[in-house]
Amino acid sequence: MSSNAEMIIASEAAMAALAFSCAEALRPGDVVALSGDLGAGKTTFARALIAALGWPGEVPSPTYTLVQSYDPPDVRVPVWHVDLYRLDGPDDADALGLFETDAALVIEWPERLGARLPAEALRLHISGSGDAVRHLTWNAPKAWEGRWPPPLPR
């Protein structure tokens, strides 16, 4: 069983706070799938999550490298930031070794994996771009029960 819901994200600070909550719940081997249009905030979310795990430096977009890894002791949980935008199809992902690591995966453009995206992935979809308020919808599988969604601010 999975949970589905929607949340309004009114600012970049609110997006960072949500990513912080996700980082607090993140475990090795987890997959966070970030989908949405260009400019929706996928990279903003990923950067804030990695910073919340303790990364002290910049978090470059892996648009050209496809995968950027962050390892302890610099982060609490080993994590790979993955951007699949440039892949033509699911078979192109084989060489990346995404499912041969114990690191948590934060994947932008997960739809490029097709059916290869693990069923236990936390699927987050961000809609909106530019100055518009963002809407976050999600599908949280049983593996994320009690970890997602985070408590809403009062």
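View 1. Five of the five residues of E4 (residues 79-83) are buried, so the strand is largely enclosed by the rest of the structure. Strands (E, at least two residues) and helices (H or I, at least four) are DSSP runs, numbered from the N terminus. The model is predicted: local features need pLDDT of at least 70, side-chain atom pairs count only at pLDDT 80 or more, and totals for chains, interfaces and linings use all residues. Residues are numbered from 1 along each chain as its sequence is written, and side-chain values use heavy atoms, leaving out hydrogens and water.

View 2. Two strands pair if DSSP finds at least two bridges between them. Strand E3 (residues 67-70) is joined to E4 by four bridges, and the two run antiparallel. Here Gln 68 stands opposite His 81 of E4. Five bridges link E4 to strand E5 (residues 104-108), and this pair runs parallel. Val 82 faces Ile 107 in E5.

View 3. Pro 150 is found in the segment after strand E7 (134-140). Its relative accessibility is 8%, so Pro 150 counts as buried. Which residues does Pro 150 contact, leaving aside its neighbours within four places in sequence? They are Leu 18 and Ser 21; contact means heavy atoms within 4.5 Å. Pro 150 and Leu 18 are 132 residues apart along the chain, yet their C-alpha atoms are separated by 7.6 Å.

**View 4. The whole chain puts the close-ups in context.** The protein chain has two helices and seven strands. Along the sequence they follow the pattern β-α-β-α-β-β-β-β-β. The radius of gyration is 14 Å, close to the 15 Å that the globule rule gives for 154 residues, so the chain is as compact as a globular protein of that length. This radius is taken over C-alpha atoms, and the rule is 2.2 Å times the number of residues to the power 0.38. Of the 154 residues, 44% count as buried. Among contacts between residues at least 6 apart in sequence, 60% join residues at least 24 apart.

Key:
Buried means under 20% relative accessible area, exposed over 50%, partly exposed in between (1.4 Å probe, protein chains only).
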